[in-house]
Amino acid sequence: MAEDLFRTDFRVRRADLVAYAEASGDDNPIHQDEEAARAAGLPGVIAHGMYTMGLAANAITEWVGGVERVLDFSARFGKPVVVPEGNEGTTVSVSASVRKTNDDGTLELSVTASCDGVKVLSPCRATVLAKR
């Protein structure tokens, strides 16, 4: 197994979901209301998929040294990030390993985003300019 290039942990609280909903315009109640989430068949309030994807993109951008160094990024939503009530929230962990080194100086990364040991984005990949 390849060694991780980085690992970044993000604390996600319900207040973050409220702020994201306001910024994005995604006010689906499954992201803020426990009853609505359970009525939709979910185990509880869940983070927005794009919010979770944004956390992974942020970790990659920070590691590589700027958004201009990220050439491609893709992910699929695998499992929801359940965010319990309270100040503790939950943690999304993002790590990456080199999947392939290309002759043009780019790296293809295999990215793992998980919560409570479960992959929440799968597959998740990025192509970046090699770190300076």
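Visitor: Where is the place of Ser93?
Guide: This is a predicted model: local features need pLDDT of at least 70, side-chain atom pairs count only at pLDDT 80 or more, and totals for chains, interfaces and linings use all residues. Residues are numbered from 1 along each chain as its sequence is written, and side-chain values use heavy atoms, leaving out hydrogens and water. Strands are DSSP runs of E with at least two residues, helices are runs of H or I with at least four, and both are numbered from the N terminus. Ser93 has its place in strand 3.

Visitor: Is Ser93 buried or exposed?
Guide: Buried means under 20% relative accessible area, exposed over 50%, and partly exposed in between (1.4 Å probe, protein chains only). Ser93 has 10% relative accessibility, so Ser93 counts as buried.

Visitor: Which side chain does a polar contact join to that of Ser93?
Guide: Contact means heavy atoms within 4.5 Å. Beyond four places in sequence, Ser93 touches Arg7, Thr8, Asp9, Thr112, Ala113 and Ser114. A polar contact needs a pair of N or O atoms within 3.5 Å; within protein, one must be able to donate a hydrogen and the other to accept it, and residues adjacent in sequence count only if both atoms are side-chain atoms. At 3.0 Å, the side chain joined to Ser93 is that of Arg7.

Visitor: What pattern does the protein chain follow along the sequence?
Guide: The secondary structure comes to 3 helices and 5 strands. Read along the sequence, the pattern is β-α-α-α-β-β-β-β.

Visitor: What span does helix 3 reach from its first C-alpha to its last?
Guide: Helix 3 covers residues 49-64, 16 residues in total. The expected span is 1.5 Å times one less than the number of residues.

Visitor: Which residue follows helix 3?
Guide: Helix 3 has buried residues, including Tyr51, Met53, Leu55, Ile60 and Trp63. Among the elements that cover them are strand 1 (6-12), helix 1 (14-24) and strand 5 (118-129). After helix 3 comes a residue with positive phi, near 100°: Gly65.

Visitor: How far apart in space are Ala47 and Arg14?
Guide: Ala47 is found in the loop between helix 2 (34-39) and helix 3. Ala47 counts as buried because its relative accessibility is 6%. Ala47 and Arg14 are 33 residues apart in sequence; C-alpha to C-alpha, their distance in space is 8.2 Å.

Visitor: How far apart in space are Gly89 and Ala15?
Guide: Gly89 lies in the loop between strand 2 and strand 3. At 14% relative accessibility, Gly89 counts as buried. Gly89 and Ala15 are 74 residues apart in sequence, yet their C-alpha distance is 9.2 Å.

Visitor: What radius of gyration does the protein chain have?
Guide: The radius is taken over C-alpha atoms, and the globule rule is 2.2 Å times the number of residues to the power 0.38. For 132 residues, a compact globule would have a radius near 14 Å, which agrees with the chain's 16 Å.
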